[in-house]
Amino acid sequence: WRQGREGAPYSTLVPSDEVTVNYRHGLPVITLTLPTRSERCRFTVKPMVTTIGTFLQDVQREDKGIERAEVFAADGSKVSDATLMEVLLMNDFKLVINNTAYSVSPPVKDKLSSEHATEMEDIKSLVHRLFVALHLEDHQIRKERELLQKLDHLKEELLPLEQMKARIMDSADAKTSRLLWVGLALMSTQGGALAWLTWWVYSWDIMEPVTYFITYGSAMAFYAYFVLTKQDYIYPDAKDRQFLHYFYRKSKKQHFNVERYNKLKEDLAEAEESLRRLRQPLHLRLPIQEINDKD
């Protein structure tokens, strides 16, 4: 009689060829002889899901005459039933059925043939395609519904802000236009005053130095504008700058939160883009990899 380090004694140690482990379609297949029925039986296990306890239960279910089924490590220590088969198949072990111990030497995964590796990759690819075919559309429909609800919520928040912004922009645009017309009126008045002083009051000899200093003063004013704003004095840019000045001043008076408005607009644009990208593969039925390549 022989005994494991932790467990009941067993009387016979059978060579490893009685219990074999082979890989078929990427999955380990354990073949052993059932003691009562005296026939060879194959057990295909899922190494990342099946535990030792589940495997032993399957063995006992096939042969009701099996009263004891345990697994021991090569050093004789008992292996827990909660251990995954993937861990067990990494090293040699002993399978004890009733009073018979079978020495098992699993093949090393790294030494599997390229044919087995290719079959495993094909199975993974097939499972992925099946999962996509069965679950992707439901997921996309559920995601589309969430995005539509988000869009409705953002639009409800933006509606009063858009109305307030429109009023502020109208007011700022009106003030900017008035300022431009005032500038034109002042320039016309200045030109008329210089002509009147030149031809009716004084002569050109007297007014020439005056016009020179007026021109030089205008150049200084334009240079001061560049120093303060770091921009050239271009009429469209100056108009936009003055418009923004009136807009922000009016927004502060009416408590219009520009930062919150911009954040909501960004969220709205992001949600609309996500919805567009979500609906595109639903319409075109493109594979996921191709969609990612196009993005």
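## The largest pocket

The largest pocket holds about 670 Å³ of space. Keep in mind while reading that this is a predicted model. Twenty, written 20 in the count, is the number of residues lining the largest pocket, and those nearest its centre are Leu 180, Gly 183, Met 187, Tyr 233 and Tyr 235.

Where does the lining of the largest pocket come from? Helix H3 (114–201), helix H4 (204–229) and helix H5 (235–253) each put in at least two residues. H3 gives the largest share of that lining, with nine residues.

Trp 196, Trp 199, Trp 200, Val 201, Tyr 202 and Ile 206 make a nonpolar surface patch of about 780 Å². H3 turns up again here: four residues, the largest share of the nonpolar patch, come from this helix.

## Salt bridges

How many salt bridges does the model have? The count comes to seven, taking a side-chain nitrogen of Lys or Arg within 4 Å of a carboxyl oxygen of Asp or Glu as the test. Three of them are worth a look here, starting with Glu 70 and Arg 68, whose side chains meet at 2.7 Å, N to O. Both partners are tucked away: Glu 70 is buried, and so is Arg 68.

Another salt bridge pairs Lys 265 with Glu 162, and their closest N and O atoms are 3.4 Å apart. This one ties together distant parts of the chain, since Lys 265 belongs to helix H6 and Glu 162 to helix H3, 103 residues apart. Are these two buried, exposed or in between? Lys 265 has 34% relative accessibility, so it counts as partly exposed. Glu 162 is partly exposed as well, because its relative accessible area is 28%.

Then there is Asp 267 with Lys 263, a salt bridge with an N to O distance of 2.9 Å. Both residues are in helix H6 and lie four residues apart, so about one helical turn separates them. The two ends of this bridge fall into separate classes. Asp 267 is buried because its relative accessible area is 16%, and the cut-off for buried is under 20%. Lys 263, at 45%, is partly exposed.

## Two single residues to check

Where does His 255 sit? Its place is in the loop between H5 and helix H6 (258–284). With 72% relative accessibility, His 255 counts as exposed, because the cut-off for that class is over 50%.

Val 29 is at the other end of the accessibility scale: its relative accessible area is 9%, so the residue is buried. You'll find Val 29 in strand E5 (residues 27–34). How far apart are Val 29 and Phe 43 in sequence and in space? The two are 14 residues apart along the chain, and their C-alpha atoms are 5.5 Å apart.

Conventions
Residues are numbered from 1 along each chain as its sequence is written. This is a predicted model: local features need pLDDT of at least 70, side-chain atom pairs count only at pLDDT 80 or more; totals for chains, interfaces and linings use all residues. Side-chain values use heavy atoms; hydrogens and water are left out. On a 1 Å grid over the protein atoms alone, a cavity is a set of points where a 1.4 Å probe fits but cannot get out, and a pocket is an open set with protein on both sides within 12 Å along at least five of seven lines; lining residues have an atom within 4 Å of a point. Grid points are joined across faces, edges and corners, and a volume is the space filled by probe spheres set on the points. Patches are made of residues with over 30% relative accessible area and no salt bridge: like charges are joined within 9 Å, nonpolar side chains (Val, Leu, Ile, Met, Phe, Trp, Tyr) within 5 Å. Accessible areas come from the Shrake-Rupley method with a 1.4 Å probe; for residues, only the protein chains shown count as cover. Buried means under 20% relative accessible area, exposed over 50%, partly exposed in between (1.4 Å probe, protein chains only).
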